[in-house]
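Student: I should like to go through this model with you. Could we begin with a term that I need?

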Amino acid sequence: LLGWAVEFGHSDVATLLLSLGARPGTTDRKGFTPLHRAAWNGNVDVGRLLLDHGAYIDTPSVGARNTPLILAALRADDRMVAFLVSRGADIEVRDGKGMSAMDHATLHGAAKVVDFLLQQGADCNAARYYCEVGVATVSTLPQRHNFDQIVKSLCEPWSRQSVVTAL
């Protein structure tokens, strides 16, 4: 029941269920916890409620092994990504394909998420590959703008280093 309350945004029901002893770490058959559902739906308030009641922040799903942070990055939800990182989510955890939240954000053109994860010290080496793959799928000018911003963000640290090295 808790998973469904979270899925459909009924934070009042989720609060009631947790107060009655519902376990926030219970998984469905795909290995999704209520926190996965909150992350996918961008519900920071419910995410906070679940974590305050003991939900584990880095639980991987079954099969794809997506964590709540990876799901938020897939959805390009910079607010949820920032919240999960502020609560201790591992920014370097990898899914079943070996991809991190940074890799997924890059592949899907989530420029704000990429910038945030870079500020948090995320490894961006593989992200450069995913940027090349993602930019090949661009079909609109806003998407292109997002990838231009990602390329700038990924290359900026090296361009500053190159200038310093050249001096």
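Student: Is R29 buried or exposed?

Tutor: R29 has a relative accessible area of 77%. Exposed means over 50%, so R29 counts as exposed.

Student: How far apart in space are R29 and V62?

Tutor: Their C-alpha atoms are 7.9 Å apart, while 33 residues separate R29 from V62 in sequence.

Student: Let us step back. How many helices and strands does the chain have?

Tutor: The chain has 10 helices and zero strands. Along the sequence the pattern reads α-α-α-α-α-α-α-α-α-α. Of its 167 residues, 43% count as buried.

Student: What about contacts in the chain between residues at least 6 apart in sequence?

Tutor: Of those contacts, 63% join residues at least 24 apart.

Student: Where is confidence lowest in the chain, and where is it highest?

Tutor: Confidence is lowest in helix α10 (residues 141–166), with a mean of 66, and highest in α6, at 97. For the chain, the mean pLDDT is 85, and 86% of the residues reach 70 or more. Where pLDDT is low, the predicted coordinates should not be read in detail.

Student: Then let us turn to α4. Which of its residues are buried?

Tutor: The buried residues in α4 are V44, V46, G47, L49, L50 and L51. Their cover includes α1 (2–7), α2, α3 and α6.

Student: And what follows α4?

Tutor: G54 follows α4, and its phi is positive, near 100°.

Student: You mentioned α6. At what angle do α4 and α6 pack?

Tutor: Two packed helices are described by the angle between their axes and the distance between the axes. Helix α4 (residues 44–52) and helix α6 (residues 78–86) pack at about 20°, and their axes are 10 Å apart. Angles under 35 degrees count as roughly parallel, and therefore α4 is roughly parallel to α6. Their crossing is right-handed.

Student: Which residues of α4 and α6 meet there?

Tutor: From α4 there are V44, G47, R48 and L51, and from α6 there are R79, M80 and F83. By class, the residues of this contact are four nonpolar, one polar and two charged.

Student: What is the spacing behind such a set in a helix?

Tutor: An α-helix has 3.6 residues a turn, so residues three or four places apart point the same way.

Student: Now for α8. How close do the axes of α6 and α8 come?

Tutor: The axes of α6 and α8 come within 9 Å and cross at roughly 20°. That makes α6 roughly parallel to α8. Here, too, the crossing is right-handed.

Student: Which residues meet between α6 and α8?

Tutor: D78, V81, A82 and V85 in α6 meet K112, V113, F116 and L117 in α8. This contact has six nonpolar, no polar and two charged residues.

Student: Which residues of α8 are buried?

Tutor: In helix α8 (residues 111–119), the buried residues are A111, V113, V114, F116 and L117. After α8 comes G121, with a positive phi near 90°.

Student: What is L69 in contact with, leaving aside its neighbours within four places in sequence?

Tutor: Its contacts are V81, L84, V85, A89, D90, I91 and A101. As for L35, it is 34 residues from L69 along the chain, and the C-alpha atoms of the two are separated by 9.7 Å.

Notes: Residues numbered from 1 in each chain as written. Predicted model: local features only at pLDDT ≥ 70, side-chain atom pairs only at ≥ 80, totals over all residues. Heavy atoms only, no water. Buried < 20%, exposed > 50% of the residue type's maximum accessible area, 1.4 Å probe, protein only. Helix = DSSP H or I, 4+ residues; strand = E, 2+ residues; numbered from the N terminus. Axes fitted to C-alpha atoms, helices over the stretch in contact; angles between N-to-C directions. Parallel < 35°, antiparallel > 145°, perpendicular 65-115°, else oblique. Left-handed = near helix turned anticlockwise from the far one by under 90°. Contact = heavy atoms within 4.5 Å. Nonpolar A, V, L, I, M, F, W, Y, C, P; charged D, E, K, R; others polar. pLDDT = per-residue confidence, 0-100.
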